[in-house]
Amino acid sequence: MSGAADDRERAEELLLARISATAGRARLGRRRATYRAPPTEPWRRRPATARVRRLLRADGGVVTSPGARLDLYQHGLTAAVGRTIHVVRFDTTVVRRRTVLTSRGVTGALVLVDVHGERVVLRCGDFARSQEWWSVICGAVVAAQAPRALAALRQGARLAFGPLWVTADAVGSARTSLRWTQVQRVEVRNGCVAVRADGRWLVWSTAASGIPNLCVFQALTEHLARAGRDDD
């Protein structure tokens, strides 16, 4: 028993060394939090069926193992599953919210792009305290990318978020647009992007799920709508 415990401890030390070295090469800064795969209850220790595994791989995810871990750093994260360590930088990634299939059913997920351009799927339940790391990741992406986006808008840029776009003067979709002086709020309502303008809600037929960097879009629209009201 002691030998098995020693082997596990040694494997954990080697994994941590690999993660630390990988994070160092990507200049992720100081480690801030670690989230591990939750323990598997004894009565649920059975492998996913071949069909579920194929579906999970098709979505770009991975079947997490008890040794999987998610580490959050100042400037990014690492997701270690098996022998693979994915690296994501908050200032360059694209993050989407998805509903995905797991061996436990349908759940929410964050889909990010790592430093090599590959998708990394972080599903609720893959790692402990899902609400916490979900919120931290989205907040970190906003903090890293929103200031640069605002600077670009001030210089006249038009920023696209999938079918949605933002300029310093307006927000729009393929079919319509509104000036910021008209906009009161922009929210996700019933799974779609909705804009409150002139005292009523206008539901744009754009599903929020899958919009690239929706969290950044929401931060920009909140700032610009508030500035538009102040200027009105």
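Buried means under 20% relative accessible area, exposed means over 50%, and partly exposed lies in between, computed with a 1.4 Å probe on protein chains only. The model on screen is predicted, so local features need pLDDT of at least 70 and side-chain atom pairs count only at pLDDT 80 or more, while totals for chains, interfaces and linings use all residues. Residues are numbered from 1 along each chain as its sequence is written, and side-chain values use heavy atoms, with hydrogens and water left out.

**Confidence first**

Colour the model by pLDDT, the predictor's confidence in each residue, from 0 to 100. The mean for the protein is 85, and 83% of its residues reach 70 or more. Then select residues 42-64, where pLDDT stays under 50 and for which the model has 29 contacts (heavy atoms within 4.5 Å) beyond four places in sequence.

Helices (H or I, at least four residues) and strands (E, at least two) are DSSP runs, numbered from the N terminus, and two strands pair if DSSP finds at least two bridges between them. Select residues 105-113 and 119-123, which are strand 6 and strand 7, running antiparallel and joined by five bridges. Val-111 has Val-121 in strand 7 as its bridge partner. Five residues lie between the strands of this hairpin, in which Gly-117 takes a positive phi near 85 degrees.

**The core**

A nonpolar core is a set of buried Ala, Val, Leu, Ile, Met, Phe, Trp, Tyr and Cys residues joined through side-chain atoms within 4.5 Å. The largest such core has 49 residues, and Leu-70, Leu-122, Trp-133, Ile-137 and Phe-217 touch the most other members. Helix 3, at residues 130-154, supplies the largest share of this core, with eleven residues. A second, separate core of nine residues includes Leu-15, Ala-26, Ala-80 and Ile-85.

Next, show the four strands that form an open sheet in the order 8-9-10-11, with antiparallel pairing. Strand 8 (159-161) and strand 11 (177-179) are the edge strands, each pairing on one side only. Within the sheet, strand 9 (residues 164-166) is joined to strand 10 (residues 170-172) by two bridges, and Trp-165 has Gly-172 in strand 10 as its bridge partner.

Stay with strand 8 and pick Phe-161, which is buried, with a relative accessible area of 7%. Not counting residues up to four places away in sequence, Phe-161 touches Val-166, Ile-211, Pro-212, Asn-213, Val-216, Phe-217 and Leu-220. Phe-161 and Phe-217 are 56 residues apart in sequence, yet 7.0 Å apart in space, C-alpha to C-alpha.

**Salt bridges**

A search of the whole structure finds eleven salt bridges, each a side-chain nitrogen of Lys or Arg within 4 Å of a carboxyl oxygen of Asp or Glu. Select Arg-129 and Glu-132, whose side chains meet at 3.4 Å, N to O; Arg-129 is partly exposed at 47% relative accessible area, and Glu-132 is partly exposed at 38%. Glu-187 and Arg-189 also meet in a salt bridge of 3.4 Å, N to O, and here Glu-187 is buried at 19%, whereas Arg-189 counts as partly exposed at 34%.

Finish in helix 4 (residues 214-231), where Arg-226 and Glu-222 lie four residues apart, about one turn of the helix. Their side chains meet in a salt bridge of 3.8 Å, N to O.
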